[in-house]
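Please look at the sequence and the model below before reading on. The paragraphs that follow lead you through the two chains step by step.

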Amino acid sequence: MIGQVTAAVIGTIGFSILYSVPKGYYPYCGFIGGAGWLIYCLLFPACSAPEATLFAAAAVVILSRFFAVRKRCPVTIFLISGIIPLVPGGGVYWTAYYIVMGEMELASETGFMALKVAVAIVLAIVFIFQLPQKLFRKQEK
Amino acid sequence: MSEKEREVMEAAMEAGHILLENGAEIFRVEETINRICRHYGVESSNAFVLSNGIFVTSGGVSEEVFAKVQNIPVSGSHLDRVEAVNQLSREIAEGRYAVGEVREKLEQIRRMPGKTRKMRILGSGLGSGAFCYVYGGTLQDCMAAFLAGLLLYVFVIWVSEPHLKKMMSGIAGGAVATAACMVLHRLGIGQNLDRMVIGSIIPLVPGVAFTNAIRDIADEDYIAGTVRMIDALLVFFCIAMGVGLVYTVKQRMMF
């Protein structure tokens, strides 16, 4: 698990480079991506994938907002790279794979799961952005 | 409308343009335009922002009217420019600049050098290799995914970005990444082809469009949000198409 989380940190930093995040923010992006994946790993065997994603994504959004306030910069910078490990890239792949192999049942199963995971990310973003900005300012002091 | 007011409006629009083009949320674009206008005393300004256009007007009964529409194709995601404009807007609110200086600053931001090609290719490789491991690949799989990720971005930078439309570049990108992994797999680098492919298609994932779509819809900017969501889903779909195509070809060739 430690290896996976480290990989998530490195991968998130790779993405920050692709999205031209300013250099000084790489460590924060990496930290957020890693934290999200850590929570996912801790929850996944016990919860379903969408549930684990919901909590992991919520943590990512909370951390992004926290750092955005502290660093006085747009939350987008942290959020976009930090959320990447949770995006169901694997789901997209397996769906395509099963469709080609003619395994329609498995294809619809994985496709639907990918959609559920995406909805979990949506919900996490919607919920956490509803929290008032004040909450994040207090933590600053 | 006085010369100064016109300049304020132009500067505000320029700031909005840079923000929208580089992947900022709709409300941030509107807020920044309005904040700049108010700060320099243009009270009657009104901004309407879509995912690919900005409409700004000011003036009315007693003042002269200023109106401008700008069509803004989304080019790339330079989040450093979003950050820079945000910083500038904060400094404007503190009263540090005259209008002329603001336009100069914006011009500088517009010309900010992006990441070099080498860095972007490296970033893609890092992302691919690392996510291959996250999704359960072995170290050797990661090496292969790293190589495929490098190759993918060489393709993206020299072929997709200058020559291909979005749908086509999604399909082609997915296909190139998958084909690269298959070749590496055949050469004996990496054991789990699926983990390798999953890792190497990750750099194509439309993270900016997807995240911004959700945020815009949550902010009740439905039109812009819907357009961005379609954009993101279409890219996901096209990547899957690309992967599927290559697998189909492989299957056909094996029989």
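Predicted model: local features only at pLDDT ≥ 70, side-chain atom pairs only at ≥ 80, totals over all residues.

Chain B has an open sheet of three strands in the order 1-2-3, with antiparallel pairing, where two strands pair if DSSP finds at least two bridges between them. Its edge strands, each pairing on one side only, are strand 1 (46-50) and strand 3 (66-71) of chain B, and the twist from one strand to the next averages 5°. Strand 2 (residues 53-58) of chain B runs antiparallel to strand 3 of chain B and is joined to it by six bridges; one of the residue pairs is B:T57 with its bridge partner B:A67 in strand 3 of chain B.

To describe how covered a residue is, we call it buried if 20 or more other C-beta atoms lie within 10 Å of its own, exposed if 12 or fewer do, and partly exposed in between, with the C-beta atoms placed from the backbone. By this count strand 3 of chain B is hardly covered, since the number of buried residues among its six residues is zero.

Helix 1 of chain B lies across strand 1, strand 2 and strand 3 of chain B and runs at about 160° to strand 2 of chain B, whereas helix 2 (residues 26-39) of chain B lies across strand 1 and strand 2 of chain B, at about 160° to strand 1 of chain B. Such angles run from 0 to 180 degrees between N-to-C directions, and the axes are lines fitted to C-alpha atoms, for helices over the stretch in contact. Two residues are in contact if their C-beta atoms, placed from the backbone, lie within 7 Å.

Helix 2 of chain B has 14 residues and reaches 20 Å from its first C-alpha to its last, close to the 20 Å expected at 1.5 Å a residue; the expected span is 1.5 Å times one less than the number of residues. Its buried residues include B:I26, B:V29, B:I33 and B:I36, and the buried residues of this helix pack against helix 1, strand 1, strand 2, helix 3, helix 9 and helix 10 (222-254) of chain B. Just after helix 2 of chain B, B:G41 takes a positive phi of about 80°.

Helix 4 (residues 99-110) of chain B has twelve residues and spans 17 Å from its first C-alpha to its last, close to the expected 16 Å. Its buried residues are B:V99, B:V102, B:K105, B:L106 and B:I109. Seen down the axis of helix 4 of chain B, these buried residues fall within an arc of 110°, so they line one face of the helix, the arc being that of the directions from the helix axis to the C-beta atoms. They pack against helix 1 (3-21) and helix 3 (79-93) of chain B, while the face turned away from the buried side carries the exposed residues B:G100, B:E107 and B:Q108.

Chain A, by comparison, has seven helices and zero strands, and 53% of its 141 residues count as buried. The contact between the chains takes 40 residues from chain A and 48 residues from chain B. On the side of chain A that touches chain B, the largest share, eleven residues, comes from helix 1 of chain A.

One residue on the chain B side is B:A218, which lies in helix 9 (residues 207-218) of chain B. B:A218 counts as partly exposed because it has 18 C-beta neighbours inside 10 Å. Not counting residues up to four places away in sequence, B:A218 touches A:I125, A:V126 and A:F129.

Note on methods. Residues numbered from 1 in each chain as written. Chains lettered and ligands numbered in written order. Helix = DSSP H or I, 4+ residues; strand = E, 2+ residues; numbered from the N terminus.
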